[in-house]
Amino acid sequence: MITVLGASGNTGGRVVRRLREAGVPVRAVGRDTARLADAVARGAEPAVGDITDPAFLTEAMRGAEAAYVLMPLDLAPGYRAQQEQVGTAIATALAAAGVPRVVALSSLGADVARGTGFLETLHEQEQRLAGLDARVTVLRPGLFFESFLPALAPMQATGVHHDTVDPDVVLPMVATADVGDVAAGALLDPASSGVREVLGAEDLTMPEAIARLGGVLGTPLRYERAPDDVMRTVLVEAGLPADLVEEQLAMHAAFNRGTVQSRAGRSPATTSPTTLEQWAATLVSSARP
Ligand SMILES: NC(=O)c1ccc[n+]([C@@H]2O[C@H](COP(=O)([O-])OP(=O)(O)OC[C@H]3O[C@@H](n4cnc5c(N)ncnc54)[C@H](OP(=O)(O)O)[C@@H]3O)[C@@H](O)[C@H]2O)c1
């Protein structure tokens, strides 16, 4: 049996699907029974609870031959404290239940300890997991295509996407489905361990990504680099907690400095199949009545 955290989410949902297709028993963890319905329909056993609770999480890990773990983003104030609470609970539960193999979702840039905003907590989590008596595979994906979703409606309304990544910075961008597929592959491989970068089909600049999104969505779209101060005000006024805004600005500054880089380099082993166009096409088809 394999325990999957975030089983109702992007990567975890895909992991459940792939593991069940392989005939492996799955324990699907999430806070809401209704959101776990797809996992349950695929034959997974639901474990409903909060992963900040080490006692619940230890029971969810009990008896697992492997676990998929991730650090969900909570859009409430107090990012650092929340991440420390979740990260510690995950490491504590894995150790208490003696799970022998772990596949952990991290990020490109998590090799760097400081100056990367959001990504610093993933560096800390990699350190915690390295202390386990377990075979650990760390996945370091690039920027998720899904991270454009919250901005999709405003950019379609105005034709412009504003953000604080410099327009000449190239970033590996990846579909979460591809990340889930790599995670499932690692969970099904008893010999898997070490760091695996998941870089998507290609590296893209923000202007390229936004223009291509527009091409598929049928609306001309362009990217404009917003000054940090302007973006800070816009995001806070939109309701994002101030500390999360600072984490994001710091992460983008790290992108702009070239701190967040692939260390393995692009190769067949780090490249995954789904292009931005293919991903965007699924948005269009799922929006059709
Ligand atoms: N965005 C990017 O570009 C990027 C790039 C690299 C790495 N990452 C990493 O990827 C993570 C997100 O992964 P994802 O997209 O697969 O997740 P996601 O779709 O955001 O889903 C989060 C999952 O975690 C569950 N969850 C959240 N809080 C929980 C809690 N307290 N207790 C139990 N379950 C909880 C949610 O389920 P319920 O809400 O149903 O409980 C959901 O299944 C980020 O947090 C970051 O660490 C992101």
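A nitrogen atom of the ligand has a backbone N or O atom of Ile51 at 2.9 Å, a polar contact in the sense of a pair of N or O atoms within 3.5 Å. The model is predicted, with local features requiring pLDDT of at least 70 and side-chain atom pairs counted only at pLDDT 80 or more, whereas totals for chains, interfaces and linings use all residues. Residues are numbered from 1 along each chain as its sequence is written, and side-chain values use heavy atoms, with hydrogens and water left out.

In Asp50, a side-chain N or O atom lies 2.9 Å from a nitrogen atom of the ligand; in Thr11, a polar side-chain atom is 2.6 Å from an oxygen atom of the ligand. On its own the ligand has 940 Å² of accessible area, of which the protein covers 82% (Shrake-Rupley method, 1.4 Å probe).

The shell around the ligand comprises 24 residues, and Ser8, Thr11, Arg31, Arg35 and Met71 are the closest; a residue belongs to it if one of its heavy atoms lies within 4 Å of the ligand. Helix H1 (10-21) and strand S7 (143-144) each contribute at least two residues to this shell. Here helices are DSSP runs of H or I with at least four residues, and strands are runs of E with at least two, numbered from the N terminus. By class, the shell contains 11 nonpolar, 10 polar and three charged residues. Asp, Glu, Lys and Arg count as charged; Ala, Val, Leu, Ile, Met, Phe, Trp, Tyr, Cys and Pro as nonpolar; and the others, Gly among them, as polar.

Helix H1 also takes part in lining the second largest pocket, where H1, helix H7 (176-187) and helix H11 (276-287) each supply at least two residues. A pocket is an open set of points, on a 1 Å grid over the protein atoms alone, with protein on both sides within 12 Å along at least five of seven lines; lining residues have an atom within 4 Å of a point. The space in this second largest pocket is about 290 Å³. Its lining has 16 residues, with Asn10, Arg14, Arg17, Thr176 and Ala177 the closest to the centre. Four lining residues are nonpolar, seven polar and five charged.

A cavity, by contrast, is a set of grid points where a 1.4 Å probe fits but cannot get out. The largest cavity has a volume of about 30 Å³, taken as the space filled by probe spheres set on points joined across faces, edges and corners. Helix H5 (120-130) and strand S5 (101-105) each supply at least two residues of its lining, and H5 gives the most, with four.

Conventions: Polar contact = N/O pair within 3.5 Å; in protein donor to acceptor, adjacent residues only side chain to side chain.
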